[in-house]
Structures are given as structure tokens and as C-alpha cells.
Amino acid sequence: MHLIPAPLSLAQPAGAGSFALTDATALGGGPGTEGVAAWLRTELGAATGLPLLPASGPGGIRLTLDEGDLAAEGYRLVVDAEGVALSGGSAAGLFWGAQTLRQLLGPQAYRRAAVRPEDGWALPFVTVQDAPRFGWRGVLLDVARHFLPKADVLRYLDLLAAHKLNVLHLHLTDDQGWRVEIEQYPRLTEVGASRERSMVGFRDGNRRDDRPHGGYYTRDDLREIVAYAAARQITVVPEIDIPGHSQAAIAAYPELGNRDVVDTTALQTWTDWGINPNVLNVEDATLRFYENVLTEILEIFPSSFVHLGGDECPKEQWRASAAAQARIKQEGLADEDELQSWFIRHFDRWLAERGRRLIGWDEILEGGLAPGAAVSSWRGYEGGIAAAQAGHDVVMCPEQYVYLDHRESDGADEPIPVGYVRTLEDVYRYEPLPPQLRQDAEAAGHVIGTQANLWTEFMDDGREVDYHAFPRLAAFAEVAWSELPREPEARDFPGFAARMRTHYARLDALGVDYRRPEGPRPWQRRPGVLGRPL
């Protein structure tokens with residue numbers, strides 16, 4: 001039935017048949033199903049033009065919770081002559097089952113107004129039993145390098161939900177922009193949310209667009225995003241990147257930088273890409289500043305995890321800073337790597353005292369991992385393996401496989417051909433659990449999930465994000481959800497590609513400007529190569 005991601009089991013009766021949806025079809029449910037019923041009534045009602053009025057009793061579409069027999073995110077969907085019975089192990093499981101129901105109705109079910117199929121609205125007789133492999137099925141959306149308006153973020157939450165992805169990692173701050181309103185520190189957005197211009201293409205091309213870029217989300221914008229996500233069973237994990245990737249903050253508040261090494265008052269929000277030498281100082285006042293920032297972040301985001309970056313932090317300024325060297329001596333630290341670990345540990349304790357957990361990029365392993373911290377393993381599997389074997393939770397997101405800003409082919413018509421070539425098939429054959437952990441059940445249990453990352457240095461609007469994300473995000477969703485063979489070469493990519501032929505029609509109905517299998521469409525190409533592959 002061309003479902004993506006593929007379910008655990010799907011069975012059809014010997015005789016073909018279908019249940020027709022009409023103006024008389026009711027949609028009802030028991031306690032705890034109200035949110036999913038409202039979502040179905042809104043989305044399917046708009047797409048089909050059917051009222052789907054609430055009703056109790058047999059027939060129609062019936063929603064129930066079955067917490068005893070189904071996994072928390074699991075569901076059971078039965079379509080027969082009596083109607084549709086959808087059960088979930090929780091509201092989340094019920095919602096994922098609703099995504100499968102929508103897929104079974106056909107691509108037209110993804111439109112915002114009724115475009116009736118020639119043979120009407122009908123669901124094939126089928127029994128689907130399903131549950132996810134991983135609890136963290138995430139996507140990072142970088143809104144710091146290029147700001148995405150709130151409407152685009154809400155649209156991406158719908159796209160994640162349609163693919164049964166349940167974590168949006170929102171990268172809110174970086175050298176090139178600060179995107180979250182902090183009431184105590186208004187200059188973070190007054191100064192840090194905009195830059196004079198942006199780099200175009202690769203660094204060695206030295207090209208600039210000379211066009212100001214900026215934007216930020218108010219606290220209420222972010223509360224709206226969090227609530228919209230929660231209604232779709234998605235958790236929003238905020239990232240405030242420290243102690244590196246912080247020039248936008250230092251430009252707004254120069255006292256945060258290493259003033260005994262550089263003139264921080266001369267810094268502006270960065271207009272280049274890459275690794276920036278300007279990092280936070282390690283003074284008590286800077287710790288208090290970010291405690292205050294995080295206090296406001298916790299008021300907005302209820303997620304258990306808060307991402308604090310910790311990646312790509314050059315140590316040159318700390319080596320040259322008398323204040324940083326004094327801190328190393330005061331704390332009995334060996335070197336600047338341990339100083340970064342000390343910095344991260346401080347916020348790990350601070351978050352733990354407030355019932356939250358720190359997660360950071362795998363550089364936080366250097367100099368000693370904070371006791372309660374979790375790791376986003378991006379530089380390959382190695383950091384994740386080391387962290388899991390040491391008893392720390394891990395989200396696998398190796399750049400070699402799931403950095404979707406990387407190009408999908410080496411063709412000359414690819415727009416700004418960044419990074420590794422990673423095709424749809426490459427992503428489908430990505431396995432989050434490396435061989436080193438498959439023989440160690442305890443360590444493997446610490447791999448709580450996997451994530452695909454969309455870094456936006458070379459994506460300046462939503463259509464560019466679409467092009468890089470899809471269709472590869474559909475392959476990633478199946479990797480994160482489905483019980484595929486652990487050996488990548490054993491996976492049925494031709495079968496997945498066949499199912500994608502139907503899924504492309506769903507993406508068309510959703511208005512996704514995806515990359516076609518045969519290559520970029522004319523408007524997706526860039527005349528001339530704006531640089532070179534990394």
C-alpha cells in the first residue's frame with residue numbers, strides 16, 4: 001500500500017474491498033482521543049469536504065486507547081466492512097495511526113481543500129499493527145544561519161508529523177544570528193538578530209550578497225510553535241550554542257567575550273560561514289548571563305532536554321586570556337579542553353537542579369563528559385559509541401549519512417554542492433546502531449534515537465530547505481521508525497523506491513519543492529558553480 005515509513009505488519013483479506021467515506025461517516029472516540037479526533041476532523045475534513053461529525057457507537061471511524069496491549073507510540077488500524085477502528089497505546093500512538101489512515105486515503109488527502117478522487121474517498125480493507133524502533137526521531141532545523149519565518153516552521157512541523165518524526169531540534173543561536181527574544185537582554189535581538197550581509201557559496205570564493213538578513217521569534221511565537229508541535233506529538237528541543245558559535249551574542253553584549261585578548265566592542269553579527277575564533281569568556285558574570293537566558297528558555301520550552309551545543313569551540317582565545325588561564329588554575333584543570341568541560345558541567349548541574357537534561361554535540365566528550373549529559377554524535381559514530389559505553393544517552397546523527405545540507409549528487413547543476421554526496425539510497429542504508437554496539441545490549445540501550453540535520457548556510461528560504469530535505473527525509477523517517485535489516489546491504493531499496501513513487505504524489509499535494517530522482521528541476525539549478533565541494 002506504499003506506506004512510508006513501512007509498518008511492522010500489514011495484512012489484507014483475501015477478497016478485495018474498501019470502506020467508503022461519505023457525508024454520513026461519523027468520527028468518534030473514547031476518553032483521551034479528543035486531540036487526535038480534532039486533528040483528523042480538521043485535516044481530513046478540509047481535504048475531503050466531509051463533515052466527519054462526532055458520534056458514538058459502531059460504524060464510521062472509531063478511536064480508542066489501548067494502553068495495555070500496545071506500546072506507547074504503537075497503534076493498530078483495522079479497516080473492514082464495519083468501518084475503521086484505530087487504537088493507540090497512547091495519544092501519540094493514536095496520532096501516528098492517524099498518519100497511516102491519511103496515507104491510505106491517497107495523495108488528495110494531503111490537500112487543504114477538497115479535490116475529490118474520481119472513485120471517491122475510500123479506505124482499503126486492511127489490518128496494520130505498528131510501533132517505532134526509536135523514541136527520538138528527530139530533525140534539526142537551523143534557523144540561525146538563515147531565519148525561517150514562523151509560518152515555515154509550522155509547515156515543517158506538519159511535514160515531520162506526516163513522516164512520524166517526533167523531535168524538532170531548533171538551532172536558535174549561532175555566530176550569524178540570535179533568533180529568540182530574551183526579555184532581560186533585549187540587545188540579543190536588537191543587535192544579534194540581524195547581519196549586514198551573507199556569504200554566498202564557499203569561503204574561497206569570497207562572494208557576498210550585500211543584502212541585510214535577519215529575524216527572530218518572540219516568546220509568544222515560540223510558545224505557539226511549541227503548542228502546535230505538541231498537538232502533533234512533537235517535542236521541540238531548543239539549542240542555545242555555547243561557548244563557541246557565540247559572536248552574535250558577543251556583538252550584542254561585548255562583555256561576554258574575551259576582552260583581554262580582542263576588542264569585542266568592534267565585533268558585529270558574523271557574515272561568514274565556518275568556525276569562528278570568538279568564544280565566550282569563562283567569568284562568573286557570563287555564567288550568570290546564560291543562567292538568566294536559560295531561565296527564560298525553560299519558561300518557553302517544556303522539553304526534558306535542552307541542547308547547549310558545545311561544538312567547534314576554538315581554544316586560542318582562552319590560551320591567550322589571562323582570565324581564562326586564571327580560571328584553569330583556580331579550578332585545578334589540566335588545559336583548555338577541561339575548561340570547556342568545566343563550562344558545560346556547570347550548566348549540566350544547573351539544568352539538572354531544574355529537572356532538565358543537557359544534551360550537546362560530541363565535542364563535550366573532550367576533557368571529560370558531564371555526568372548527566374547526553375550526546376548528539378555528529379562527527380561519525382565514534383563519539384556516540386564512547387558515550388553509550390560510558391552509560392550516557394546518545395542521539396546518532398553522523399554527518400557522513402544524515403547531514404541533509406550535503407549534496408545528493410556530484411552533478412554540475414546541483415545548487416551549491418556542499419559536503420559529501422549522499423543519495424536517497426545512501427540515507428536509506430544508514431544504520432543508527434553501529435556494529436560495535438550491536439553486541440552490547442546495555443550500551444545499545446543508550447542509543448535513544450537518531451536525527452537528520454538541516455544546516456542552512458546554503459538554504460536561504462523554505463524552498464531551498466525543501467530541496468535538500470526531500471525526498472531524503474522520507475528515507476530517514478523509515479530508518480528511524482521501521483524495523484529494517486540492521487545490515488545496510490540487506491535493505492530493499494528498490495522496494496522503497498517503488499513506494500516513493502506514490503509518496504512523491506503526497507509531497508506534491510503538500511506543496512513540497514523536493515528534488516526529483518532524475519535531478520534538479522530547472523528552477524532549482526544554479527547557473528555556474530558557486531564554489532567547490534568541501
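Student: Which strands does helix α7 lie across, and at about what angle does it run to β15?

Tutor: Happy to start there. This is a predicted model, where local features need pLDDT of at least 70, side-chain atom pairs count only at pLDDT 80 or more, and totals for chains, interfaces and linings use all residues. Residues are numbered from 1 along each chain as its sequence is written, and side-chain values use heavy atoms, leaving out hydrogens and water. Helices (H or I, at least four residues) and strands (E, at least two) are DSSP runs numbered from the N terminus, and angles run from 0 to 180 degrees between N-to-C directions of axes fitted to C-alpha atoms, for helices over the stretch in contact (heavy atoms within 4.5 Å). Helix α7 (residues 284-300) lies across β15 (235-242) and β16 (305-309), and its angle to β15 is about 170°.

Student: In what order do the eight strands of the barrel come?

Tutor: Two strands pair if DSSP finds at least two bridges between them. Strands β9 (residues 136-142) and β20 (residues 447-454) run parallel and are joined by six bridges, with glycine 138 opposite glutamine 451 in β20. The pairing is parallel, and the closed order is β9-β10-β15-β16-β17-β18-β19-β20.

Student: Which strands stand at the edges of the open sheet?

Tutor: This sheet has six strands with mixed pairing, in the order β1-β8-β5-β6-β4-β3. Three bridges join β3 to the parallel strand β4 (residues 61-65), and glycine 29 has leucine 63 as its bridge partner there. An edge strand has a single partner, so one of its sides is left without a neighbour in the sheet; that describes β1 (9-11) and β3 (27-29).

Student: Is aspartate 393 buried or exposed, and what is its relative accessible area?

Tutor: Aspartate 393 is in the loop between α11 (382-389) and β19 (394-396). Its side chain makes polar contacts (N or O atoms within 3.5 Å, one able to donate a hydrogen and the other to accept it; residues adjacent in sequence count only if both atoms are side-chain atoms) with the side chains of arginine 357 at 3.1 Å and histidine 446 at 2.9 Å. Leaving out residues up to four places away in sequence, aspartate 393 also touches others, including Ala374, Val375 and Ile448. Buried means under 20% relative accessible area, exposed over 50% and partly exposed in between (1.4 Å probe, protein chains only), so aspartate 393 is buried, at 15%.

Student: How many of the 15 residues of α2 are buried?

Tutor: At the N-terminal end of α2, serine 90 is the cap, with a side-chain oxygen 3.2 Å from the backbone nitrogen of alanine 92. Just after α2, glycine 106 has a positive phi of about 105°. The helix is largely enclosed by the rest of the structure, because the number of buried residues is 14 of the 15.

Student: Where is the kink in α18 centred?

Tutor: Aspartate 492 caps the N-terminal end of α18, placing a side-chain oxygen 2.9 Å from the backbone nitrogen of glycine 495. Buried residues of α18 pack against α2 (91-105), α13 (424-428) and α17 (472-481). A bend is the angle between axes fitted to the seven residues ending at a residue and the seven starting there. In α18 the kink is about 35°, centred on arginine 501.
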